[in-house]
Amino acid sequence: MANKLIDIVNVSKSYGDNLVLDELNLYIRENEFLTLLGPSGCGKTTLLRILGGFESCDSGHIIFDGKNINNVPPNKRQLNTVFQKYALFSHMSIAENIAFGLKIKGKSKAYINDKIRYALKLVNLDGYENRTPDSLSGGQQQRIAIARAIVNEPKVLLLDEPLGALDLKLRQDMQYELIRLKNELGITFIYVTHDQEEALTMSDTIVVMNQGYIQQIGTPEDIYNEPENAFVADFIGESNILPAVMVEDKLVKILGVNFPCVDVGFGKNKPVDAVIRPEDIDLVKPEEGLLEGVVTHLIFKGVHYEMEVSANNFDWLVHSTDMVPVGTTVGIKVDPFDIQIMKKPESEDEEAVPVEE
Ligand SMILES: Nc1ncnc2c1ncn2[C@@H]1O[C@H](COP(=O)(O)OP(=O)(O)OP(=O)(O)O)[C@@H](O)[C@H]1O
């Protein structure tokens, strides 16, 4: 495991009465691709701006390489930011844009020219030195913005929704490009997005945030397969989140029907949420399922069919490569390993609910 590079310790930030970050704790390792993921307004950008030095926190510490950098100005931090709006200077050539920060630092002409060549090669735009920003596509401008940041040789690149303005195909290409860049540079990327697919594709670690709190930290696989609460399950991918009661270890009652599962340690007769991904539901003959339902909606999605199955007063979302026509009576079957049990949020878990026999 790589060393800890940044330690965010008890960081809080409010704007007026609006508490945006509440005693947040997080560490980031050398060479990690860490993504802050969450809905609009959850505090991702604020945290990134605090790391970059563009915003100060009300309390807490940002420790970089063992030193507190709370009072270090942005240009003295070994972190460089790439914003969603590329903010290139339109009256300057690409070379001048990339050179801008280095000139201010008083670097020699030879050094700067070397760096420009190196950075343009890295972002696959060699030969673009004399073009102007408005003669480039959105994706190319974004690469230049990245080139401009990396010539400063930062230890960390902070990226705030850098692909937000690009169309889907270009976004996907740029995602692979960013992973390659990170590996070639061997530096840490801290990436902000509200796009869960982007986060799952690129990250070593995902930090899911909501309303200023961290909901879960984990690898993309952890976050997708083992969401810790209903918010994460709902935000990452699509899920059926079902009110349930844990009858005993490895047995959960969902909508009045007992389903074998693999989870233990939730206690007996405890109300829980059961999460089942739509692709993990098998539609079988009615007599072979644990419960019976009727297909009420069907949409072709390209790779799979998306269906809604009404069973025990719940609309189950099901993804399947097999088409089952609307109106068909089906059985619902789920592998015990594909049922994820989650504790109810505190307020909903006041008392154990007896299970009716
Ligand atoms: N300079 C500011 N002054 C007042 N309120 C602010 C300021 N910057 C951010 N906020 C508020 O702080 C909250 C968090 O904003 P932030 O930009 O960090 O969220 P975000 O998760 O990055 O959202 P988005 O994805 O929409 O950018 C929001 O309610 C926002 O309105």
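The model is predicted: local features need pLDDT of at least 70, side-chain atom pairs count only at pLDDT 80 or more, and totals for chains, interfaces and linings use all residues. Residues are numbered from 1 along each chain as its sequence is written. The protein chain is assigned domain 1 (4–230) and domain 2 (238–348), with bounds that come from an automatic or database domain assignment.

**Domains**

- The C-alpha centres of domain 1 and domain 2 are 39 Å apart.
- Five residues from domain 1 and five residues from domain 2 make the contact, where contact means that C-beta atoms, placed from the backbone, lie within 7 Å.
- On the side of domain 1 that touches domain 2, two residues are nonpolar, one is polar and two are charged.
- In this grouping, Ala, Val, Leu, Ile, Met, Phe, Trp, Tyr, Cys and Pro count as nonpolar, Asp, Glu, Lys and Arg as charged, and the others, Gly among them, as polar.

- The residues around the ligand are Tyr15, Asn18, Val20, Gly38, Ser40, Gly41, Cys42, Gly43, Lys44, Thr45, Thr46 and His194, each with its C-beta atom, placed from the backbone, within 6 Å of the ligand.
- This shell divides into three nonpolar, eight polar and one charged residue.
- Helix 1 gives the largest share of the shell, three residues, and strand 2 (18–29) also supplies at least two.
- Helices (H or I, at least four residues) and strands (E, at least two) are DSSP runs, numbered from the N terminus.
- Helix 1 (residues 44–52) has Lys44, Thr46, Leu47, Leu48, Ile50 and Leu51 buried, that is, with 20 or more other C-beta atoms within 10 Å of their own, all placed from the backbone.
- Gly53, with a positive phi near 90 degrees, follows helix 1.

**Ile98 in helix 2**

- Ile98 lies in helix 2 (residues 94–104).
- Ile98 is buried because 28 other C-beta atoms lie within 10 Å.
- Leaving out residues up to four places away in sequence, Ile98 touches Ile116, Ala119, Ile144, Ala147, Arg148 and Val151.

- Five strands form an open antiparallel sheet in the order 13-12-11-14-20; strands pair if DSSP finds at least two bridges between them.
- Strand 13 (257–260) and strand 20 (340–343) are at the edges, each with a single partner strand, so one side of each has no neighbour in the sheet.
- Strand 11 (residues 240–248) pairs with strand 12 (residues 251–254) in the antiparallel sense over four bridges.
- Ala244 stands opposite Ile254 in strand 12.

How values were computed:
Contact = placed C-beta atoms within 7 Å. Buried ≥ 20, exposed ≤ 12 C-beta atoms within 10 Å, placed from the backbone.
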